[in-house]
Amino acid sequence: CLKEPLSPQYGGGLVENPKMDFGMQGWSAFGEETKVEIMQAESGNDYLVASNRHDPYDSVSQTFELQKDLLYSFTAWIQISKGKEIVAAFMKVSDQESVVVGSVLARAGCWSMLKGGFQVYQNYNAELYFLNRKRKLRISVTNQEGEKLVGAHVTLNQIKPHFLLGASTTEAILDNKAYQEWFLQRFTVTSFNNELKWYYTEKQKGEENYTVPDAMISFFRRHGIPVRGHTVLWDKPMMNSQWIHELSPRQLLNAAVHRMGSVMSRYAGKLASWDVINENIHFSFYEDIMRPNASAMFFKIAQALDPGTTMYLNEYATLEYPLDMEVSPSMYVEMLRSIRSFPGNENMVVGLGQQGHFTYDTLNISYVRAALDVLGATKMPIWLTELDTERGPDQIMELEEVLWEVFSHPAVEGIVLWAGWKPTGCNKTCLEDKNFNKLAKGCARMCFTDNNFKNFPLGDMVDRLIGEWRTTNLTGATNKEGVYQSLVFHGDYSLTFTHPSSYRKVTRTVNVTRDSWETLEIHVVL
């Protein structure tokens, strides 16, 4: 974030005081530079400001004439008037659906660079505009006779956000009231550290035990917390029980299918998603023994067992380690294509799970953004499923950087922090261990709270972001037109309305969805 924005021209100097500056370039598909347009849009005193806006999305925008078969990139320097907001760039062509082409976390008092790109296949007049994870809510209030009510009091409270931020949990939550209260006060989704894995539910062949996951799923369902199903199978050899390694290929197939039927039929319709076969790009336990397309076959079986739930890939290093070419964004997309090319999987929605185990020496925020852009182009849902950062003096800053970057990307739908509490994870011995690269057995990489559920500074930072990413306790009054409007985060809301002229108190629930940028109109009669 800079005090002065750099020119979008390569090698250029500073731009004179714009509120937003655009630079656009076009390349042929073969990389030959065929067109260059640099545009600085100005309004009055060298500023491009949002005024007299009539579009539903009420946004700063710029129109372009685009040529087919060119690859376009753009740069925009953005500053907002107060606080910090996620700003996404969208490209809209005539009446077609808008496409996300870039995003950034913008702040007041300095300039943030939003960089993105896209390709078109026809000559178009297009509009580039900028939005965030909020939607405008416009409420008109009248009395029983249809007359506009000026000064009606409006209160908005978010019941549930659409962007879910949660944490993993362990069976320790079942009999620890303090842990339950601490978790439920802040998190909106969870995943179990181990309790749904095959080696946990069937330690010995034929001896299944779902007592613990039954109790955990029941607890979270009672409290309205979605659970990610982690994981049905695991492609890493050492993460399968010894008795599985002793099976013949046909026996392994039968055992795997039985496992899928057992766990997925038991919880069908009760979970938010399923990790079908964990880490199947890095590893190939089932493929090596059974057949090369085992993963695709398992996805087809999984969807048949629980057709209403999204099935996910789940891998590490795609965001964390640019040098791990085995699981680069392009290789991840290749695995997605492989699964969807299997007969019967062609129209399957396959979620893209990114574990996100970051270390201080490999954290590269710019690369994270670029990788998410590649994955987001698939139009498949993306989650950070096991996010953590390495213990150390900069852990708070590093985790916050990752959280903001991921939250800022429009293709990401939720985050699970890998910080399931257990009594031994964050004790005095663990916290005093300075060997951050190799913590003692049982010690957690991330500690949000002590064993009395008093937050550490890392937990305070997460709580602060939870508050910043929600719209709560918003109050106001209708204007002379009987209208109250505000930008609010996507989510479910409880709205309350009163007016001095009426004895009535009206309460409404509203779902502010992310499927449209149109202003959401609500009419209330008092």
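Which residue does a disulfide join to Cys426?

Guide: The model is a predicted one, in which local features need pLDDT of at least 70 and side-chain atom pairs count only at pLDDT 80 or more, while totals for chains, interfaces and linings use all residues. Residues are numbered from 1 along each chain as its sequence is written, and side-chain values use heavy atoms, with hydrogens and water left out.

The partner of Cys426 is Cys447, with an S to S distance of 2.1 Å; a disulfide here is a pair of cysteine sulfur atoms within 2.5 Å. The link of Cys426 and Cys447 is left-handed, with -95° about the S-S bond. This pair connects distant parts of the chain, 21 residues apart: Cys426 lies in the loop between strand 21 (412-417) and helix 11 (428-432), and Cys447 in the loop between helix 11 and helix 12 (457-468). Helices (H or I, at least four residues) and strands (E, at least two) are DSSP runs, numbered from the N terminus. Cys426 and Cys447 are both buried, where buried means under 20% relative accessible area, exposed over 50%, and partly exposed in between (1.4 Å probe, protein chains only).

The structure holds two disulfides. Besides the pair already described, Cys430 and Cys443 are joined, with their sulfur atoms 2.0 Å apart. The link of Cys430 and Cys443 is left-handed, with -80° about the S-S bond. Distant parts of the chain are linked here too: Cys430 belongs to helix 11, whereas Cys443 sits in the loop between helix 11 and helix 12, 13 residues apart. Both Cys430 and Cys443 are buried. In general terms, a disulfide is a covalent bond between the sulfur atoms of two cysteines.

Strand 24 (residues 491-498) and strand 25 run antiparallel and are joined by seven bridges; two strands pair if DSSP finds at least two bridges between them. Within that pairing, Gly491 stands opposite Val512 of strand 25.

Strand 23 (residues 483-489) is mostly covered, as five of its seven residues are buried. Strand 9 (residues 134-142) pairs with strand 23 in the antiparallel sense over seven bridges, and Arg135 has Val488 of strand 23 as its bridge partner.

Strand 3 pairs with strand 8 (residues 124-131) in the antiparallel sense over six bridges. The bridge partner of Phe64 in strand 8 is Ala126.

Among the helices, the axes of helix 8 (residues 329-340) and helix 9 (residues 365-376) come within 9 Å and cross at roughly 25°. Axes are lines fitted to C-alpha atoms, for helices over the stretch in contact, and angles run from 0 to 180 degrees between N-to-C directions. Helix 8 and helix 9 are therefore roughly parallel to each other, a description that applies to angles under 35 degrees, with over 145 counted as roughly antiparallel, 65 to 115 as roughly perpendicular and the rest as oblique. Pro329, Tyr332 and Val333 of helix 8 make the contact with Tyr367, Ala371, Val374 and Leu375 of helix 9; contact means heavy atoms within 4.5 Å.

Val350 is found in strand 18 (residues 350-354) and is buried, with a relative accessible area of 0%. Leaving aside its neighbours within four places in sequence, Val350 is in contact with residues including Leu313, Leu336, Ile339 and Arg340. The C-alpha atoms of Val350 and Leu313 are separated by 7.1 Å, although the two residues are 37 residues apart along the chain.

For the chain as a whole, the secondary structure comes to twelve helices and 26 strands. Buried residues make up 54% of the 526 residues.
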